[in-house]
Amino acid sequence: MGLLRYTTYRFLQAIPVLIGISILTFVLANLTPGDPVRLMLQGVEADQEMIEQVEARYGLDRPMHERYLDYMAGLVQGDMGHSFHRNQDVASLIASRIGPTLLLVLSAYAFALVTSIPLGIIAAKRRNEPFDHVSRIVALLGVSTPSFWIGIMLILIFAVQLGWLPSADLVYPWWSPEVYGHDGYLEHFVETIRHLVLPMIALGTLQMATLMRVERTQMIESLQGEYVKLARAYGVPERTILRKHAFQVAQLPIITIVGLNLSTALGGAVLIEFVFNINGLGRLFYEAIIQLDYQLIMGITMIIATMFVIGVIITDIAYAYIDPRVTYGEAE
Amino acid sequence: MGTNLNGLTRRRVLTSGAVTASVALAGCIGGNGNGDDNGDDVADISEYQYDREEPDDEDRSDSLEFLQPAERDEDFDPVVSFDSYSAQVMNLVFDNLYEWDDEMGLEPKIADGMPEEQDDGETYVFEIKEGIEFHNGDEVTAADVAHSFTAPVEEETDNAASYAMIESTEVIDDHTLEVNLEHPYGPFTMVTMGVEVVPEDVRTDDRDAFNTDPIGSGPFQFADFQQGEYVELERWDDYWDEPHPHIEEIRFEAAPDDANRIAQILAGDTDVIDTVPATEWDEVEGADDVVIHGSRSPSYMYLAFNCNEGETTNPDVRRAVGHSFSMHDFVNEHLGPAADPLVSPVPEITNDSGDWDFPVDDWAEMMPEYDPDQAQELLEDAGVPEDWEPTIIAPEGGPREALAERIGSRLTEIGYGADVQGMSFATLVDTYTTGNADDYEMYLLGWTGGPDPDAYFYNLFHESQEGVGQGHFYEGQGDFHDSIMNARQSADQDDRRELYIDVTEEILDYMPVLPAYSEHNTMAAREEVKDLHAHPAVSFNPRIVSNYQNTWIDE
């Protein structure tokens, strides 16, 4: 099966998955205890009649299945609905918030990959030496420490105590420097990085620790493989063995983990966005849930689910691309 | 009703109690928590109010960043806006017909003196000052004021109820306006006539555009706005009134997480933050370069009993619960300087600002004292089963849930129990109005009114609000509900005062609700921010400029 056909096939496979997610999310959101209309009318000198009028205005007096079908009919036409709590289109709300989240998640991934792979390789190469012991302890701490706690500690140390880095907010590289009062793009770039460092580390530490453990294990396994022993017997330099023979094979599980951990990273972003006051999709999602803003909950869930599905498909494609043993046909 | 309102125009303060709940809220300030009524004085918020400090040079161009504790709804049109954090921005852009002073008394602003009252409070005639201009250069006229009064009802906005008593307005001339009410309305002279004045022509030309790029006649005008991100205001140099602000630019951003807001002020990443949580008070106060500013507020937290079903339909059971714990100790231990205990549904500042002169000392005498023996005796005499475990519901993760747990533990100590349930706000608002004893026998909520007691009595006790804004379903003795309505529809403050005294004493006697505490309005600012004063109303912070302050930055 060719790449294009395989990709098309995988995307078609994703449609029922997304429909399933939409049904589940819609039902769960609507079954959540609470009344969004009463919540919305807090403070308004309201009576029962007014409550019913507002319910009717937003269609909340109609059966759930009718509302779901209406929502899906709108969705296929590109209408993600209306946030009744914020009185804005869901699509525009998501569009305004997705940038910071992607910046955060992608930079956290970059941090995780850039740190975990070299550290994993070195740990594998120096197995049972002090570096390996330290890296394992670091990895264990990274896996077992909640990201929000790491974030709070980073703020306390590097922002409050030392004053080296900002305690909150991101500087958006896609906004002009003038918005922030920066003198040119160099300062804008530097400030973007300064604001990104702490949340990136907080969110990326879990990924880093996970990937480092896997990288180390895979590299140890690779370095013990018959083909490596053969290469050594032929006198192939150790650096070449590491780079050409052991490394490439060891990356296959890493690719899988990177793809599948996207949802974990997006979930972690909710808390990190709160801790660092980042105005992203995660914070919006949290508030949508608190406010029982059904269409906003649906919209964000569908976007995250779509991103996750795309991430998995790309992972599969990359997997087949890297490992010659995996063909597109087999991967079906 | 659910939560906190800025009662001046009944704007929503927090859309959710849980938004700010991600910080640890389990801490307590001082005290051993054993419930002894040890008589310690609760710290006085006046310790966090400071004398004026004025700069040497008057011609200043300072800039200030202000962090808000919740996201704004981004409605900046006073006719539409119903959240206090949009109002914080809005109140610097618009002038009011009458403005609230630092103790919530109304003073003429755009109005030229107090109105002439006619027809026993059914008609008011306002004189408008001449020469006041909006930011676009148009003069403020009586027609603009009339539109500001009537538009919320005509357009059925969330603010409609605040102006629903207005029957008609008549523009006598450009600077004279007659407002006719359907009936005398007690809060009119204390609340309603504090309306923000909007330019009718500009607003009605494009309401949506006006909502996000408003034009007022206040000391600041819109400079930049990014939806969901920030609002920047700049000083309007042609402002008609004195003094002109020292601050040239002010930027509003939201930081809903308490811990982050505190970290930002401690790290010096921002200038001023709104709301210092009680749990963070010591840390902020201990910082060398940060100053806490506080003010009494018209907030009212209360414990309400289900008078519709269950054991709490018996007034003696309610009284017993009141005797089972010490509110004074709870406030002292959990809230410290961030709140004051209450002895009635009327916060202290409401009593003072409206010159009500209510018999607060007498009411304090009527409040149940901590007396577990009496509580036990009352419950036994009332025939309450030994396995009674009332359900107490409260917003999760804050002092009200802590208070619910305190009551539960005290009931346990005297041989009963309690099922304390902290709930998300969305769940709570759908639960506390059912009147079903299986759902709750007690609930803890709050309300923020203003200088007029009607905001508390009508919304929280009148029968018309049963199942909507109140879930105690107290039927009252005799004229209870009529008294509340009569006080609302009277312009005679003496009559109203007597009616409210009767109503309050019945509440304290029959106890459908036990007053709990009033949380103060607080801000924390970097030390270099000078002449900043917390206002009792959330929506007026940061005030920046008034006849009692002109905030500046000591660089």
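What percentage of the 332 residues of chain A count as buried? The share is 38%, a residue being buried if 20 or more other C-beta atoms, placed from the backbone, lie within 10 Å of its own. The model is predicted: local features need pLDDT of at least 70, side-chain atom pairs count only at pLDDT 80 or more, and totals for chains, interfaces and linings use all residues. Residues are numbered from 1 along each chain as its sequence is written, while chains are lettered from A and ligands numbered from 1 in the order in which they are written.

Chain A holds 14 helices and 2 strands. These are DSSP runs numbered from the N terminus, helices being H or I of at least four residues and strands E of at least two. The C-alpha trace of chain A spans about 85 × 55 × 40 Å along its principal axes. Contacts require C-beta atoms, placed from the backbone, within 7 Å. Of the contacts in chain A with a separation of 6 or more, 75% join residues 24 or more positions apart.

An unreviewed UniProt entry places "transmembrane region" features in chain A, including residues 12-31 and 102-125. Such annotations may be inferred rather than shown by experiment; feature names are shortened, and positions follow the numbering used here. Residues 12-31 of chain A are 100% helix, with end C-alpha atoms 30 Å apart. Residues 102-125 of chain A are also 100% helix, and their end C-alpha atoms lie 34 Å apart.

In chain B, B:Asn308 sits in the loop between strand 15 (299-305) and helix 8 (315-324). B:Asn308 is partly exposed because 19 other C-beta atoms lie within 10 Å, between the buried cut-off and the exposed one of 12 or fewer. Not counting residues up to four places away in sequence, B:Asn308 touches B:Thr313, B:Gly435 and B:Phe473. B:Gly435 is 127 residues from B:Asn308 in sequence, yet their C-alpha atoms are 5.7 Å apart.

Definitions and conventions: Two residues are in contact if their C-beta atoms, placed from the backbone, lie within 7 Å.
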